[in-house]
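Subject: Structure handover

Hello,

Here is the structure I said I would pass on. My notes on it follow below.

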Amino acid sequence: MAQITLDGIAHAYGPRPKTDADYALRPLHLVWEQGKAYALLGPSGCGKTTLLNIISGLVQPTVGRLLFDGRDVTALPTERRNIAQVFQFPVIYDTMTVAGNLAFPLRNRGMGAAEVSAQVRKTASMLGLLDVLERPARNLSADAKQKISLGRGLVRQDVAAVLFDEPLTVIDPGLKWELRSKLKAVHRALDLLMIYVTHDQTEALTFADQVVVMNGGQVLQVGTPAELFDRPDHTFVGHFIGSPGMNLLPATVAGAEARVDGYTLALAGQYAAPAGRVQVGVRPDFAELAAEGLPVQVDRIDDLGRVRLARVRLGRHPLVARVAANAAIQGTEARLRIEPSRIHVYSDDRLMAPL
Ligand code: ATP
């Protein structure tokens with residue numbers, strides 16, 4: 001068990017990096033606390049795997065230091081870092097039983113038979129593998145095999161961290177929900193630092209205490225799911241988190257007002273005239289078609305059962321809004337109401353704080 005510090009870590013795969021674009025991972029400083037679950041979330045190519053591989057020791061960072069409990073482990077090989085890893089595809093011994101697979105990492109470290117057996121049963125019980133403990137692993141389904149892989153990652157309680165690299169890729173969609181909740185429960189039961197790489201926001205938001213949102217080799221925000229939803233620090237986070245993501249509209253801002261294509265939106269705070277490219281951001285959850293508000297053109301309404309979402313245009317700018325339960329929209333004209341406290345102002349994609 002450990003605290004992990006990424007001290008100015010950056011990585012370029014090619015020799016002699018010069019510009020930002022040469023780096024797969026741009027310089028970052030983060031501290032991950034023991035006992036917490038972190039998700040590295042971002043689109044393909046954003047640098048998640050590079051960061052995970054730096055922690056596991058598969059990749060040596062170009063610059064910076066990696067500390068486990070204050071100890072510099074940057075130059076240590078993987079086997080001396082005391083970490084457990086779970087990959088996308090099952091890594092198990094087909095010829096062994098399920099119990100044999102789970103016991104392997106413990107026996108390897110010289111744990112006594114009674115303790116091994118207790119630990120194997122505890123892990124199997126958490127993952128729902130008790131019924132198949134004595135079965136050979138090779139006859140099991142892909143889902144069950146991946147559960148064994150997860151079990152092998154979780155069976156040791158003395159590891160500095162457990163690293164998961166998209167571990168639910170091979171899991172049947174119907175079982176993903178169950179396994180995600182199980183992993184969360186396992187994390188609560190064990191006092192382990194877990195780091196989970198995924199491009200799937202649902203996985204990240206259900207699993208993690210803190211989500212690290214990445215894009216283009218940069219960490220854009222680290223926050224709880226609620227923080228990422230309520231207060232995205234960057235337009236990418238606003239758009240990437242949420243389904244559909246945050247609406248972003250080009251605007252000019254002066255004082256407590258934003259103007260979007262000639263229409264005025266009231267803001268909750270006063271802003272100094274922002275420099276650069278200014279946008280206002282509002283989540284569809286807080287933009288509502290109602291009896292009163294700004295005039296908008298309705299292009300389409302999708303009834304999702306739980307909620308109706310309208311695709312509308314404010315002037316020339318498209319956005320997505322909820323349709324109030326009692327709103328009867330006729331034709332293509334409607335009114336849009338936005339709660340001022342839910343409107344964020346971005347300058348060159350960065351969130352601006354009100355004065
Ligand atoms: P994915 O979800 O597709 O695995 P990722 O977010 O994990 O993506 P990385 O695999 O860390 O992203 O890749 C980050 C960048 O580094 C990408 O531009 C990728 O092409 C590049 N890259 C990754 N591995 C290597 C390598 N071994 N050699 C050269 N470039 C690499």
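Pro-244 sits in the loop between helix 8 (235–240) and strand 11 (247–250); helices (H or I, at least four residues) and strands (E, at least two) are DSSP runs, numbered from the N terminus. The peptide bond joining Ser-243 and Pro-244 is cis, with omega at about -5 degrees.

Some background on the numbers. This is a predicted model, in which local features need pLDDT of at least 70 and side-chain atom pairs count only at pLDDT 80 or more, while totals for chains, interfaces and linings use all residues. Residues are numbered from 1 along each chain as its sequence is written, and side-chain values use heavy atoms, with hydrogens and water left out.

Another loop, between strand 1 (4–11) and strand 2 (25–32), holds Arg-16. Arg-16 is not a glycine, yet its phi is positive, at about 50 degrees.

Next, the ligand. Around the ligand are Tyr-13, Ala-24, Pro-43, Ser-44, Gly-45, Cys-46, Gly-47, Lys-48, Thr-49 and Thr-50 (a residue counts if one of its heavy atoms lies within 4 Å). Three of these residues have polar contacts to list, a polar contact being a pair of N or O atoms within 3.5 Å:

- Ser-44: a side-chain N or O atom is 2.6 Å from an oxygen atom of the ligand.
- Thr-50: a side-chain N or O atom is 2.5 Å from a ligand oxygen atom.
- Gly-47: here a backbone N or O atom lies 3.1 Å from an oxygen atom of the ligand.

Then the helix packing. Helix 2 (residues 98–107) and helix 4 (residues 142–154) have axes that come within 8 Å and cross at roughly 30 degrees; axes are lines fitted to C-alpha atoms, for helices over the stretch in contact, and angles run from 0 to 180 degrees between N-to-C directions. Helix 2 is therefore roughly parallel to helix 4 (angles under 35 degrees count as roughly parallel, over 145 as roughly antiparallel, 65 to 115 as roughly perpendicular and the rest as oblique). Val-98, Asn-101, Leu-102, Phe-104 and Pro-105 of helix 2 make the contact with Ile-148, Gly-151 and Arg-152 of helix 4, where contact means heavy atoms within 4.5 Å.

Helix 2 also packs against helix 3 (residues 113–127), at an angle of about 125 degrees and with the axes 9 Å apart. That makes helix 2 oblique to helix 3. From helix 2, Ala-99, Leu-102, Ala-103, Leu-106 and Arg-107 take part, and from helix 3, Val-116, Gln-119, Val-120 and Ala-124.

Regards

How values were computed
A polar contact is a pair of N or O atoms within 3.5 Å; within protein, one must be able to donate a hydrogen and the other to accept it, and residues adjacent in sequence count only if both atoms are side-chain atoms.
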